[in-house]
2 protein chains.
Amino acid sequence: MADTDPAAEPAALIAAISTAARVAAGVLARLPSEARRAGLRAAAAASRDAAPAILAANAEDMARGTAAGLTPALLDRLRLDAARLAGVADSVEAVAALPDPVGEAIDTRTRPNGLVLSRVRVPIGVIGIVYESRPNVTVDAAALCVMSGNAVILRGGSEAVASNRALHAAFADGLAAAGLPRDAAQLVPTTDRAAVGAMLTAAGLIDLIVPRGGKSLVARVQAEARVPVLAHLDGINHVYVDASAGFDMARSIVLDAKMRRTGICGAMETLLIDRRWPHAAPLVEALAARGCEVRGDEAIRAALPGVAAASAEDWDTEYLDAVASVAVVDGVDGALAHIAAHGSHHTDAIVAGDEVVAERFLAEVDSAIVLWNASTQFADGGEFGLGAEIGIATGRLHARGPVALEGLTTYKWLGRGTGQVRG
Amino acid sequence: MADTDPAAEPAALIAAISTAARVAAGVLARLPSEARRAGLRAAAAASRDAAPAILAANAEDMARGTAAGLTPALLDRLRLDAARLAGVADSVEAVAALPDPVGEAIDTRTRPNGLVLSRVRVPIGVIGIVYESRPNVTVDAAALCVMSGNAVILRGGSEAVASNRALHAAFADGLAAAGLPRDAAQLVPTTDRAAVGAMLTAAGLIDLIVPRGGKSLVARVQAEARVPVLAHLDGINHVYVDASAGFDMARSIVLDAKMRRTGICGAMETLLIDRRWPHAAPLVEALAARGCEVRGDEAIRAALPGVAAASAEDWDTEYLDAVASVAVVDGVDGALAHIAAHGSHHTDAIVAGDEVVAERFLAEVDSAIVLWNASTQFADGGEFGLGAEIGIATGRLHARGPVALEGLTTYKWLGRGTGQVRG
């Protein structure tokens, strides 16, 4: 940690932390892969060694959270135990074993004048992570940033302050033990909300902000940030079942997309069914039988009078729960129009036997991830073979979809000549 | 042009234009390359056909500019003649002949479960161009945006309003004649400065802003924008001459980097000379003999007492003129420290015979473009083999260095399965 005073004015505090981070980023960017990997392995080991202190700190947070009346779901997110802590250390080691994007040449070209140009991946620089409740983010995010050669500034929520401090101390101790700069991973030493505002407006000091948490946190970050943000606000994901779909595959994909885990951003929220498809009723019944509350449009309710009516708001709602809105649409055109009107550019899928229809859906849906005959729950960096992800982005610039190590890099152009001038 | 009322409140005007642009962008994104190419060829032809009207409009602007006392340099930038107009049409045809990045698969991977994933380049969407004086930007920028499948919103300066309208009308006529949506290229129908503010804050409506013009315009855009911006503010570019450099190559590169064209962003502004290099005096004399005003540090003035003294501000100044600051540094470490303190992350070069030193410079200078034994004036999309550029970006995200067609695209993930679920 830089020599920072938690009581300093927030902008001055963040400026001091960012300046120390920039220096550390310069050191990290010059280290070979193996040094960054060794630093992460040492950080994982330090986390294991510090388990008693981390669990004691977490018990403090849990006691304070219980007294403050946090919901059982929030308390569960906050809670660490020996198994979860071992998982955190394991995941740092997994990141240390990922392919390193830094230094990779994206393309190399020799110009007619002999100048050899290549684009080479380099770290972005200084990355700010703003997160809530789940203390493992302290370590998961730091590991991804350090592996990709970036310095990270961590700002967790007040409910996990003791856990985050203990996790961060162990992580930074591990980096330092391996000879990496301690300031490569700093924790903002105050839970003053103004410190978040100072991070979001630290243009030129912080290069990128990644929010991790609920919708209100992401919305605040997107609204206030003057620094680029990688995030998604909503995952209003659709599965469209085309007339050419078989019933068994449609049922299997729809049930998985909605019900495998209902609280993740890749879960289906709206099911669109081609009017010509004859199996709408049994598909909706299968969803209901799995415990999903269905809210249907008029056509669905005509076929299944017991289904509740979807309101206008339902089509724009991310339930993150065992609830689905279901509409009948006129073929792929109807599906495309519905998704263009109500989607959130996250993940949408088509179930279809007709390749021409499927390829049109793939081409025309304007989402970060578009799938044919697969569940939307594949929206995940690990499932994509990218390794751990720092998040999923629905913006249109820099990185889209799962953001993993490569998304935490940029590039620079290197030119090697023999005296070339433009003349 | 959408059915927009120039007298509308600026935010409403920009919202109406952006909404029409979004619709056009959807159409453009679905057109095959050949249709976009044909649209641009038709736009070039329409520009040629409309030459008399465009030149008459430009004469209006020139008369108004002359009456308003614009400088000769600004009047020259504003001026169109038959040759310049032919060049504008030719450049549209050149863009129409460039390789099309849209639809290109960046990587394709088959997951162990059989899901085939690929990242495919797609247009960004709606791009705003905010520019000054040089009316050819109307057409150059529109051509690059349309070729990359994006709709463009053009907002030129008041001094070129008649020229921009005539150029835009011909371009849009050409697109429409080829069956492309006219709203693919819209010109903001007011020179009210508040319209620029409305563009810069149109997050969600406009996906990217590219400013083209002087430093005050770029600074305003960077300060006010809530929409991502691709730009560079300064090009404070360095050439470092290492002890291992030969005199002839150093002289040739330094003279070209500084004096070939002094007003472009890739020009050298500061020359750094290794203290151990024995030819500092003749190199500085060669610059002066070519007509460059030299401002030296103490070591340079000790060797060449006639040289003016550089002030502290000189090291942070982009002259864009026949002026150079010159400092003696202690080897590559001194050069790296100077560039880290004073550079603008644009383009920096080393002249060196020692490959180890050169590779260290390439690795450690944190600029969009870093060159070894080549002139900084190669900082140009055309020279990089990318075709025409929309600008050079010194930010760290999305695209860095010359931004051409590929930099105007993003990607989405497409997944093709056979019924895969996560289960």
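**View 1. Confidence and domains of chain A.** The predicted model has an ipTM of 0.94 and a pTM of 0.94. In chain A the mean pLDDT is 96, with 99% of the residues at 70 or more. The domain assignment divides chain A into domain 1, made of 10–230 + 402–415, and domain 2, covering 237–383. Between the C-alpha centres of domain 1 and domain 2 of chain A the distance is 35 Å.

**View 2. The rotation axis relating chain A and chain B.** Chain A is superposed on chain B by a rotation of 180°, with 0.0 Å of shift along the axis and an RMSD of 0.0 Å. This is how a two-fold axis relates two copies. The residue of chain A that comes closest to the rotation axis is His398(A), whose C-alpha lies at 1.9 Å. Of the interface residues of chain A, 100% are interface residues in chain B as well, so the two copies meet through the same surface.

**View 3. An open sheet running from β1(A) to β10(B).** Ten strands are arranged in the order β1(A)-β2(A)-β16(A)-β13(B)-β12(B)-β7(B)-β8(B)-β11(B)-β9(B)-β10(B), and their pairing is mixed. At the edges are β1 (105–110) of chain A and β10 (308–309) of chain B, each of which pairs on one side only. Strand β16 (residues 409–420) of chain A runs parallel to strand β13 (residues 369–374) of chain B, and five bridges join them. Trp413(A) has Ile369(B) of β13(B) as its bridge partner.

**View 4. An open sheet running from β10(A) to β1(B).** The order of the 10 strands is β10(A)-β9(A)-β11(A)-β8(A)-β7(A)-β12(A)-β13(A)-β16(B)-β2(B)-β1(B), again with mixed pairing. The edge positions are taken by β10 (308–309) of chain A and β1 (105–110) of chain B; each has a single partner strand, so one side of each is without a neighbour in the sheet. Strand β9 (residues 293–296) of chain A pairs with β10(A) in the parallel sense through two bridges. In this pair, Arg295(A) is opposite Ala308(A) of β10(A). Helix α11 (residues 280–289) of chain A packs on the sheet and touches β7 (237–241), β8 (268–274), β9 and β11 (323–329) of chain A, its direction making about 160° with that of β8(A). Helix α13 (residues 331–342) of chain A also packs on the sheet, where it touches β7, β8, β11 and β12 (347–351) of chain A; its direction makes about 175° with that of β7(A).

**View 5. The hairpin of β1(B) and β2(B).** Five bridges pair β1(B) with strand β2 (residues 116–123) of chain B in the antiparallel sense. Arg109(B) is opposite Leu117(B) of β2(B). The hairpin has five residues between the strands, and Gly114(B) has a positive phi near 95°.

**View 6. Helices α2 and α5 of chain B.** Helix α2 (residues 33–49) and helix α5 (residues 82–96) of chain B pack with their axes 9 Å apart, at an angle of about 175°. The two helices, α2(B) and α5(B), are therefore roughly antiparallel. On α2(B) the contact is made by Arg37(B), Leu40(B), Arg41(B), Ala44(B) and Arg48(B), and on α5(B) by Ala89(B), Asp90(B), Val92(B), Glu93(B), Val95(B) and Ala96(B).

**View 7. Helices α2 and α3 of chain A.** Helix α2 (residues 33–49) and helix α3 (residues 51–67) of chain A cross at roughly 65°, and their axes come within 5 Å. The helices α2(A) and α3(A) are therefore roughly perpendicular to each other. Ser47(A), Arg48(A) and Asp49(A) of α2(A) make the contact with Ala51(A), Pro52(A) and Ile54(A) of α3(A).

Terms used
Residues are numbered from 1 along each chain as its sequence is written. Chains are lettered from A and ligands numbered from 1 in the order in which they are written. This is a predicted model: local features need pLDDT of at least 70, side-chain atom pairs count only at pLDDT 80 or more; totals for chains, interfaces and linings use all residues. Side-chain values use heavy atoms; hydrogens and water are left out. Domain bounds come from an automatic or database domain assignment. Copies are superposed by least squares on the C-alpha atoms of residues with pLDDT of at least 70 in both. Contact means heavy atoms within 4.5 Å. Two strands pair if DSSP finds at least two bridges between them. Helices (H or I, at least four residues) and strands (E, at least two) are DSSP runs, numbered from the N terminus. pLDDT is the predictor's confidence in each residue, from 0 to 100. Axes are lines fitted to C-alpha atoms, for helices over the stretch in contact, and angles run from 0 to 180 degrees between N-to-C directions. Angles under 35 degrees count as roughly parallel, over 145 as roughly antiparallel, 65 to 115 as roughly perpendicular and the rest as oblique.
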